[in-house]
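I opened the notebook to record what I looked up in this structure. The entries follow the order in which I went through them.

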Amino acid sequence: MKKVGGWFRKQNAYFLVGLAMTGLVVVLGILSLFWTPYSTTAMSATERFHAPALKHIFGTDNFGRDIFSRVMQGIGTTVIVSSAIVLISSCAGILIGAVTGYFGGILDEIIMRITDAVNSFPSILLALVVISILGSGKQNVIFSLGIVFTPSYVRIVRSEFIRLRDADFVCRAKLMGVSKLRILFVHILPNIFSVFWVSVTIGFNNAILAESGMSYLGIGVQPPDASLGKMLSDAQGYLGRAPWYALAPGLTIVWIVLGFSLLSEGIRRKQEGQR
């Protein structure tokens, strides 16, 4: 038993538990794209508000729909939307942060003042402004939150490029006549990923909470697509009659956020152990 415990601590418990929790979420999300135990849109007046049982392990909602199937689809929606948000914001952050951090100058000053202005407002508030202009929907949520989360990646990438732009391997590449583009994305960029991955996992947490919050308010993912935030919103009127209706999507959001938090902490500890 001591050997097992020692191995577990050695392998970074935060990372392993976070990886297992997020892995389960990703598997369920991908599976929901092809299969769910029941149809997520089929309604049944005779099966409204059934408590959790073998037939419906998470119970049924006010329309008689299977909650577990809808939670699975909600996880799939969350995984897709959050991945798209992180992909857009991180790629934009890498591009802008690399250029400003390496070259500096007036362009750096202008862009950093813009990021300071964006960061001075709550991210959800800015996203709501963009949504109010573009309208609600999955694509607009992805676009608005992708823009809002970009400045945080810009700052991280910029600081790493400033730290590495005068490193010995960069100076040698300059002396060899290597192009600036190659220096940016072949020589320096791979060396910042150890720091960048932590911010990516944190970014997933922020994206999940933001998407769930906007769907809860009714301006995010729209029916017939299932969303964990929208399920919570729909369930709040039935807390006394069917508490499982809110419990399932609520605990699922907690599970996802906790999993990514543990994964982020595990990655950070791994990096500290390698220094």
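**Entry 1: a pair in α6.** I began with Arg163 and Glu160, which both sit in helix α6, 3 residues apart, or about one turn of the helix. The model is a predicted one. The two residues form a salt bridge, and their closest N and O atoms are 2.6 Å apart. Arg163 is exposed, at a relative accessible area of 52%. Glu160 is buried, at 11%, because the cut-off for buried is under 20% relative accessible area.

**Entry 2: the whole chain.** I stepped back to the fold. The protein chain has 11 helices and 0 strands. I noted a box of roughly 75 × 60 × 30 Å for the C-alpha atoms, taken along the principal axes. Of the 275 residues, 43% count as buried. Taking contacts between residues at least 6 apart in sequence, I found that 71% join residues at least 24 apart. The chain exposes about 14300 Å², and carbon and sulfur atoms supply 68% of that area. For charges I wrote down 24 positive and 14 negative side chains, with the centres of the two sets 7 Å apart.

**Entry 3: salt bridges around Asp116.** The count of salt bridges comes to 9. Arg113 bridges to Asp116, with the closest N and O atoms 2.9 Å apart. Both of these residues lie in helix α4, 3 residues apart, about one turn of the helix. Arg113 is partly exposed at 44% relative accessible area, and Asp116 is partly exposed at 27%. Arg155 also forms a salt bridge with Asp116, and here the closest N and O atoms are 1.9 Å apart. This pair links distant parts of the chain, with Arg155 in helix α6 (residues 138-164) and Asp116 in helix α4, 39 residues apart. Arg155 is partly exposed, at 33%.

**Entry 4: Asp108.** I stayed in helix α4 (residues 105-119), where Asp108 is placed. Is Asp108 buried or exposed? Asp108 is buried, with a relative accessible area of 7%. Setting aside neighbours within four places in sequence, I found Asp108 in contact with Thr100 and Arg158.

**Entry 5: Gly93.** Arg158 came up again when I looked at Gly93: the two are 65 residues apart in sequence and 8.7 Å apart in space, C-alpha to C-alpha. Gly93 is in helix α3 and is buried, at 0% relative accessible area. Not counting residues up to four places away in sequence, Gly93 touches Ala98, Thr150, Tyr153, Val154 and Val157.

**Entry 6: the loop between α2 and α3.** I looked up two phenylalanines here. Phe49 is found in this loop and has a positive phi of about 55° although it is not a glycine. Phe49 counts as buried, at 10% relative accessibility. Phe34 lies in the loop between α2 and α3 as well, but Phe34 is exposed, at 71%.

**Entry 7: nonpolar patch.** Phe34 belongs to a nonpolar patch on the surface, together with Val26, Ile30, Leu31, Leu33, Trp35 and Ile80. I noted about 700 Å² of accessible area for these residues together. Helix α2 (residues 13-32) gives the most to the patch, with 3 residues.

Note on methods
Residues numbered from 1 in each chain as written. Predicted model: local features only at pLDDT ≥ 70, side-chain atom pairs only at ≥ 80, totals over all residues. Heavy atoms only, no water. Patch = residues over 30% accessible without salt bridge, like charges linked within 9 Å, V, L, I, M, F, W, Y side chains within 5 Å. Areas by Shrake-Rupley, 256 points an atom, 1.4 Å probe, with all protein chains shown as cover. Salt bridge = Lys/Arg side-chain N within 4 Å of Asp/Glu carboxyl O. Helix = DSSP H or I, 4+ residues; strand = E, 2+ residues; numbered from the N terminus. Buried < 20%, exposed > 50% of the residue type's maximum accessible area, 1.4 Å probe, protein only. Contact = heavy atoms within 4.5 Å. Lys, Arg positive; Asp, Glu negative; His and termini not counted. Charge placed at Lys NZ, Arg CZ, Asp CG, Glu CD.
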